[in-house]
Amino acid sequence: MRLSRAFMPTLKESPADAQVVSHVYLVRGGFIRRLAAGIYNFLPLGWRVVRKIEDIVRDELDRAGAQEVLMPAAVPAELWQESGRWDKYGPELLRFKDRKGADFCIGPTHEEVIVEMVRRDTSSYRDLPLNLYQIQSKFRDEMRPRAGLMRGREFIMKDAYSFDVSEETATTAYWTMYRAYERIFRRCGLDFRAVEADTGAIGGSRSHEFQVLADSGEDAIVACDHCDYAANVEQAEVAAPTAPGIAPGADGHAAATTRATVATPGQKTIEEVSAFLKVPATQLIKTLIYIADDQPVAALVRGDRGLNEIALKKAIGASALYLARDSEVVAATGVAPGFVGPVGLTIPVYADHELRGATAAVTGAGAADAHHVGVDLARDVTVTAFAPLRLAGPGDRCPRCAEGHFRGFKGIEVGHVFFLGTKYSAPMACTFIDEQGASHPMVMGCYGIGITRVAAAAIEQNHDGNGICWPMSIAPYQVEVIALQAGDAAVVAAATALYEGLTARGVEVLFDDRDERPGGKFKDADLIGVPLRIAVGARSLKDGKLELKWRRDDKPTLIDVDGAVAHVAELVAAEQQRLRALADAPSAAPGGAA
């Protein structure tokens, strides 16, 4: 493609609403343009990247035995009502009525539709297993879309669904797809971790997220430094404590052991109370009020810990849970947030197991501008149940091995695999007849990849201060040829010959033949991020040389004009082969992937 003919509008300034690097460079580089909040047009450069990712996904899923289909975006409500999700999914589900008044939604995911497809034409064990996938635009009406393609409302997703006759064969399908995902993300040139995760709104009994490691990631994950255990912090297991998490004199600080009430005027937060009373946060108990299935409950964790809401929901056995509003806190406890404490509470109290045996603790006093010191949990508080309620964090002991500790990472979720079991097949009567003539619900798995999010995540992990550094496999073009002096006939002829020669060898080439200053061309090249750049300039050309530079390198090297086409084509092929070789590395999947 000649840049003089291309629709590639680059910008010098960053978009005002950009929050992350990928959003800045995708807009500035002419890859995307905003149409509405969380909704973007893909320009030619951006669409080439998307198609590259799609091609890798198709290649690996076909290799894994999946078959591609395409399902409608508009889904009739009765399917979602069959599965029970119509009233449960929440406001992210975009609902509408057609001209006849029938309820529909724009599918954010397609479990119901694929079940309807399979149950119509599949009835015997002989028809199974099946694994079907599609690549399609989805819509989720995010309340606060942000970060460009990282958290949009409309996005392109690959979703796949497996159907099996037993848990054993469905488990094999799950690990086969896990392995396919490893290959996909390695071929995309990404540094990622597969971590255990909560099943969320999709449901099921097991799931793994594939997280691209990046400082801008929204998800907190932990991984053991000794074994292969890794998990989203909301799903991570917390090792059982070997001693009470709060005790007299912890951290070298003297602490009251007799309960007393002390004035703490205006001191509400853990940090404020800790500083005011001159005790470490590890000596405090944080009391949080939640509404679980319309009833208030209290949750206790140590002052320096975060509460895991998913763990709390499981401990209570609640179907719905949210942090109480200020008015609901007052109604449940008689005091405003900041001074709530567990002593004397009449609502159920759930405490993190680290607090079992806690003494000499500091808590809210249940009265304005006051806290208790010297609280003994067993003596002073009626605890409904102890459970592992705190979020895992760096430095915590690994629950899976005896020697490791957690390291913390930030991650961008680009893929998720779920073992669904019969969550959808049973209520929707997606059944098969076995060899004995008995009917059973099919055992399912589902598997998603955010295609457009992969593009954004790749930039978050591959950029510098000048622009994008695309991995070769998903770059919009593999090589950029720059004619530095567009008015010099010899330069233009040499650059054109290189462009045409590489194109004839199957290399994807972007040719900057514009009548622009060399500095502007180099800036655009760095911004767009094509992996390999060949600059053709009058000075080096006189010596029979060209300047070759990898996007990540600081300085170019000189190569001979003669043989340049073959040399560059070999470099491209070698880099592509390197990424494919990474994909063939042994799987790190727990239990081994197929």
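The protein chain folds into 14 helices and 31 strands, taken as DSSP runs numbered from the N terminus (H or I of at least four residues for helices, E of at least two for strands). This is a predicted model, where local features need pLDDT of at least 70 and side-chain atom pairs count only at pLDDT 80 or more, while totals for chains, interfaces and linings use all residues. Residues are numbered from 1 along each chain as its sequence is written, and side-chain values use heavy atoms, with hydrogens and water left out.

**The chain as a whole**
- The C-alpha trace of the protein chain spans about 90 × 70 × 55 Å along its principal axes.
- Out of 594 residues, 52% count as buried (under 20% relative accessible area with a 1.4 Å probe, protein chains only; exposed is over 50%, partly exposed in between).
- Take the contacts (heavy atoms within 4.5 Å) with a separation of 6 or more: 70% of them come from residues 24 or more positions apart.

**Aromatic rings**
- There are 16 aromatic pairs in the structure.
- Y174 and W175 have ring centres 5.1 Å apart and planes at 90°, so they make an edge-to-face pair.
- For the cut-offs, rings of Phe, Tyr and Trp (its six-membered ring) pair if their centres lie within 6.5 Å, and planes under 30 degrees apart are stacked, over 60 edge-to-face, and the rest tilted.
- Y174 is buried at a relative accessible area of 0%, and W175 counts as buried too, at 13%.
- Both belong to a cluster linked by ring pairs, along with Y178, Y181, F185, F192, F210, F419 and Y447.

**Charges over rings**
- R48 lies over the face of Y477, 4.0 Å from the ring centre.
- K423 has its charged end over the ring of Y424, 5.6 Å from the centre.
- To count here, NZ of Lys or CZ of Arg must be within 6 Å of the ring centre and within 35 degrees of the ring normal.

**The second largest pocket**
- β14 (285-292) is among the elements giving at least two lining residues each, with α6 (270-277), α8 (326-333) and β18 (361-364), and β14 supplies the largest share, five residues.
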